[in-house]
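Let's take a guided walk through this model together. Please keep the viewer open as you read.

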Amino acid sequence: MEYLPNIIFALALIVGIGFFARNVKKLSRNIKLGKDVDVSDNKPQRWRNMARIALGQTKMVVRPVPGILHILVYVGFIIINIEVLEIVLDGLLGTHRLFSQLGSLYNFLIGSFEVLALLVIVAVVVFWIRRNIIRIQRFIKPEMKGWPKTDGNMILYIEFVLMTLFLTMNAADFQLQQLGVDHYVQAGAFPVSQFIVPLLEGLSTPSLILVERTTWWLHILGILAFLNYLYYSKHLHILLAFPNTYYGKLTPLGQFNNLESVTKEVKLMMDPDADPFAAPAEDESAEPEKFGASDVMDLNWVQLLNAYTCTECGRCTSECPANQTGKKLSPRKIMMDTRDRLEEVGKIIDANKGEFVSDGKQLLDDYISREELWACTTCNACVQACPVSIDPLSIIVEMRRYLVMEQSAAPMELNNMMSNIENNGAPWPYNQMDRLNWVNE
Amino acid sequence: MSEQLKVKTMQEFMAEGKQPEILFWVGSAGSYDDRAKKITRAFVKLLNKAQVDFAVLGTEESSTGDVAKRAGNEFLFQMQAMMNIELLNGYEIKRIVTCDPHSFNTLKNEYPGLGGNYDVIHHTQYLKELMDSGRLSVTGEGYRGKRITFHDPCYLGRANAIFDAPREVLSRTNAELVEMKRHKKTALCCGAGGAQMFKEPEKGDMDINVLRTKDALETKPDIIATGCPYCNTMMTDGIKAHEKEDSVTVLDVAELLANAQGL
């Protein structure tokens, strides 16, 4: 019976981490549904980008208020994890404040965790006010109704509760230390939780131990639960921001990829020696490659990683010229739709023993409308605005490619423009022989 | 009919067995659009003044395919690109300058993957270069006392990180440069990009060019400067929508520099 808490703790840990591992596996399987893309180039530059953008948060502070508050939560999250390590070891070994042997360093650590915890609480409260009281535009756009809104608030509540539990635990511990209760070693500094102590005054030692133990357990179980919440939430960005910034676009923003499958066909068309009636040399059974994207499997895996990384902050949408002028297009919605559809495809695969069976739906039309796609000016404001190197524009262009090359479904005016280019080498119906007329006008 | 411009085609250079210093890619807008043709002419006047030995492709030039690519027609883009590359490579072109940021972007970034490797620069960069080397200079008062705000074309600024060249050229006209609240990396699009120039906008509550012109008008400018023929059209229309066409003009950097030199 003596080891019962240790056993329960170990079990909780195994279950929590086990579920998380299962979700990570599913996540990775879904991302790999995307097409292959070569991102093995420029490794040093990629590491630098990850260090600068994800670790260094350089693009977050473009908007100073949320940027700095976000850094507080982020630093708090990372640093306080050192404390979680101690909690895990204590839980498994049945020790209490295992790291207290570090002496004054330990006091410094606990003291800074407390200060950070307080700052996280302050930031989280401000974030909540921005979302729910001030109602900042980008948080109340149409795509933020329902689950996305709940999710955003839920994360704030969880963080608030976890930090409060942590501080209450310390306060109870501090009080027990002062009472000289056995097992509660004199260790740590409590610059913040000392102000909670008066609330606990008058409690008997057993009650104090109950408070300390309860908050200790809730805190660590809460962290395990939060870990498993990630997969269902926009909060995945705390992990995926790192690979996403690593795999982010390195070329100038204006450079769109040239489709290789098209290059092959165009070269064949332009080759005067090519025999147009020659039998295709390749394997007959090979399906002709589809141009562009109508569903998530037509996108590449970095674009799918982008979708899971999106934390729905809406900076892209608030910078989008189409969105600012009342059009339906919202780059954030493009990312959210891609993720939702990918999740749906993943569920179909799960339900059919690993095989995808068409459900008659696709990303185009069922999630993203043509009106949204045609409203884009390809100005790259969304790409520039994203703090974690997501590229919504590449998905929009890939879907336009499908509409134009597979469906011939461009708006009529664009079809006119394109046939002008085909016929006379300019988007307007002017004779190519008149190209130099400006010299003498 | 204004003064005669000195313009030679690549064919003429070939016939003489010579290579030009640089090829001027005029682009479809610069060749056919009435407003953009004025920019082309202003730029050529500057090239003539600086005695640049430049060539154009003339009737051999064809759309870069950029707008087809943004619209999603990768086939048409690559057809155009490969045709142009065959021509450019045949002429052994090394260096290209253009007044159109869209041509600039695709020639510079998207043509190399299809076999077209050139040193491509935007006309504002080239004008700066000519001024730095002393081949062009503003001697008189230029635009002293005038407020000019520069609208960053997306495909020059955000897309290719060229922010300083147009501003440096403008500052040498002695004008007072004022920045819009959103400029450089965060500049708002004029609304023409991504093939929007050629279609009606989707349903919304405002046109993008009207919003962008509002940004510009807030700086109380005498002149809105641009470096793109499409931005020029959009901003000019925007000025009309705000009924400010009597007090504010929209001019390309090349036109401003040409005017400042009395060309």
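Which helices of chain B each supply at least two residues of the lining of the largest cavity? They are helix 2 (27–32), helix 4 (66–71) and helix 6 (101–110). Before we go further, a word on conventions: this is a predicted model, in which local features need pLDDT of at least 70 and side-chain atom pairs count only at pLDDT 80 or more, while totals for chains, interfaces and linings use all residues. Residues are numbered from 1 along each chain as its sequence is written, chains are lettered from A and ligands numbered from 1 in the order in which they are written, and side-chain values use heavy atoms, with hydrogens and water left out. Helices (H or I, at least four residues) and strands (E, at least two) are DSSP runs, numbered from the N terminus.

On a 1 Å grid over the protein atoms alone, a cavity is a set of points where a 1.4 Å probe fits but cannot get out; a pocket is an open set with protein on both sides within 12 Å along at least five of seven lines, and lining residues have an atom within 4 Å of a point.

Of its 46 lining residues, V37(A), D38(A), N257(A), N258(A) and N300(A) are the closest to the centre. Two or more lining residues come from each of helix 9, helix 10 and helix 17 (392–406) of chain A, and from helix 6 of chain B. Helix 17 of chain A gives the largest share, 5 residues.

Now look at the loop between helix 9 (260–270) and helix 10 (301–309) of chain A, where you will find D298(A). Why does D298(A) count as buried? Because its relative accessibility is 13%, and buried means under 20% relative accessible area, exposed over 50%, and partly exposed in between (1.4 Å probe, protein chains only). The side chains of D298(A) and K290(A) make a polar contact at 2.7 Å. Such a contact is a pair of N or O atoms within 3.5 Å; within protein, one must be able to donate a hydrogen and the other to accept it, and residues adjacent in sequence count only if both atoms are side-chain atoms.

Two loop residues have a backbone angle worth a look. Most residues other than glycine have a negative phi. S389(A), however, has a positive phi of about 60°; this residue lies in the loop between helix 16 (381–385) and helix 17 of chain A and is buried, at 16% relative accessibility. In chain B, E92(B) has a phi near 55° and sits in the loop between helix 5 (74–90) and strand 4 (95–98). E92(B) is exposed, with a relative accessible area of 51%. Its C-alpha atom is separated by 8.5 Å from that of Q19(B), 73 residues apart along the chain.
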